[in-house]
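Please work through the following exercises with the sequence and the model at hand. Each task is followed by a solution in steps.

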Amino acid sequence: MKWPTTVDDKLMPQMAVKQRFVALDTYRGFIMLMLIQRSMFPSSARHPELAWILTQFDHVEWEGVVFWDLIQPAFMFMVGIAMPFAIAHRLSQGATGRQIFYHVMYRMLKLVVLGQIIWSIATGQLSFYPIQVLSQIGLTYFVTFLILQIPYRLQILLALLLLGIPWALFVLFPGSEGPFSKVDNIGLVIDRALFGINYPGHYMAIDLVGGTVITLFGAWTGIFLSRERPRSYILKILLTCAAMAFIISITLELVNPIIKRLWTASFIFYSTAWALLFLIGFYWLFKVKQYRKLAFPFVVVGVNSIFIYCVSTLLRNWVGESLNVFTHHLQFVSAFAPGLAKLILFVGVNWYLCYWLYQRKIFIKL
């Protein structure tokens with residue numbers, strides 16, 4: 001698909017408008033279910049015999065990666081995948097390039113504002129936190145859309161610059177522990193100097209650069225998937241790209257460690273590789289093999305992902321305490337089972353809320 005150089009006076013070329021991409025909805029639902037259950041997961045400190053599994057659901061302190069570190073990149077990758085399909089749908093309804101631009105900008109603003117509302121409620125004080133997940137998704141979504149308006153070769157060049165410039169800054173202005181110092185790397189220095197912000201958890205605004213790149217990778221994948229091609233060919237190309245991403249990540253790791261909190265280039269390629277592998281799995285199951293019944297529990301959540309994120313974030317403690325009231329804290333079972341049973345009940349309640357909306361064809365979008 002060739003995109004126009006501007007959105008003001010040109011229509012984006014029409015793509016074939018397809019049914020909902022069930023594999024993507026299923027993938028999104030799976031990621032959201034993983035996301036909402038993490039806060040209720042039993043502590044690995046209490047259950048050392050399950051330490052490896054339980055630590056997969058908590059971020060690595062600094063260098064390295066576990067399953068939980070791949071959740072946000074996977075979701076941002078899917079945001080990119082969905083963009084060509086959403087644009088095709090609007091084009092089919094007669095929207096112009098200018099109207100699509102305003103829609104994207106308006107959606108970005110809503111995501112940013114909603115993210116700040118959630119962050120303020122969660123922290124108990126009105127504050128601005130631009131790298132809150134929804135706000136970060138909104139900003140990177142908008143920038144990705146703008147990048148897609150330039151010629152494809154320039155898109156690739158810009159992606160390389162977005163990958164290389166942060167790395168160069170870290171190397172040229174090392175902290176006390178080296179280029180990727182946890183306590184005083186250049187990203188933290190910039191945030192403190194320009195914005196007077198010291199984000200918790202060693203996160204920083206430069207994360208937005210890495211988020212944009214992985215969203216752009218997702219958009220390129222979505223454009224590829226939007227074309228009519230044999231499914232075997234699609235799987236072959238996706239698998240090849242995943243392998244290449246792994247190889248690039250391993251190579252870059254020699255000079256650019258995998259650090260999720262910095263969204264280093266090696267982490268971006270590593271998480272992209274896993275995002276592609278997940279996509280391949282869901283594409284094969286639900287597009288090639290057509291296991292629609294198996295997809296249903298995930299689709300119910302996937303089509304209302306914003307809703308389930310907000311509810312699980314804002315009402316997590318309330319739902320958890322309510323479950324305790326009616327289950328007597330599940331103390332009648334073994335030491336580990338209360339945490340696991342509470343986890344299942346919490347996810348079940350959130351899933352049913354999505355199911356209730358799904359039955360009534362209510363899909364909450366921004």
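The exercises below concern a predicted model and treat its fold, nonpolar residues and salt bridges in turn.

**Exercise 1. Determine the secondary-structure content of the protein chain and how much of the chain is buried.**

Step 1. The protein chain contains 14 helices and zero strands.

Step 2. Of its 366 residues, 49% are buried.

Step 3. Consider contacts between residues at least 6 apart in sequence: 73% of them join residues at least 24 apart.

Step 4. The chain exposes about 18,000 Å², of which carbon and sulfur atoms supply 67%.

**Exercise 2. Identify the residues with the most contacts inside the largest nonpolar core, and list the contacts of Ile31.**

Step 1. The largest nonpolar core comprises 89 residues. Tyr27, Ile31, Phe77, Leu225 and Leu238 have the most contacts inside it.

Step 2. Leaving aside residues up to four places away in sequence, Ile31 touches Ile71, Ala74, Phe75 and Met78.

Step 3. Another core, of nine residues, lies apart from the largest one; Phe170, Phe180, Leu188 and Met204 are among its members.

**Exercise 3. Locate the nonpolar surface patch and classify Ile117 as buried, partly exposed or exposed.**

Step 1. The patch is formed by Val113, Ile117, Ile121, Leu314 and Leu315, which together have about 420 Å² of accessible area.

Step 2. Helix H4 (residues 97–123) gives the most to this patch, with three residues. Ile117 has its place in helix H4.

Step 3. Buried means under 20% relative accessible area and exposed means over 50%. Ile117 has 43% relative accessibility, so this residue counts as partly exposed.

**Exercise 4. Find the salt bridges in the whole structure and describe where their partners lie.**

Step 1. A search of the whole structure finds two salt bridges. Side chains of opposite charge can pair when their charged atoms come close.

Step 2. Asp25 is buried at 4% relative accessible area, and Arg28 is buried at 12%.

Step 3. The side chains of Glu61 and Lys182 also meet in a salt bridge, at 2.8 Å from N to O. Glu61 lies in the loop between helices H2 (51–55) and H3 (71–92), and Lys182 in the loop between helices H6 (152–172) and H7 (186–195), so the pair ties together parts that are 121 residues apart in sequence.

Step 4. Glu61 is exposed, with a relative accessible area of 57%, whereas Lys182 is buried, with 19%.

Notes
Residues numbered from 1 in each chain as written. Predicted model: local features only at pLDDT ≥ 70, side-chain atom pairs only at ≥ 80, totals over all residues. Heavy atoms only, no water. Core = buried A, V, L, I, M, F, W, Y, C linked by side-chain atoms within 4.5 Å. Buried < 20%, exposed > 50% of the residue type's maximum accessible area, 1.4 Å probe, protein only. Contact = heavy atoms within 4.5 Å. Patch = residues over 30% accessible without salt bridge, like charges linked within 9 Å, V, L, I, M, F, W, Y side chains within 5 Å. Areas by Shrake-Rupley, 256 points an atom, 1.4 Å probe, with all protein chains shown as cover. Salt bridge = Lys/Arg side-chain N within 4 Å of Asp/Glu carboxyl O. Helix = DSSP H or I, 4+ residues; strand = E, 2+ residues; numbered from the N terminus.
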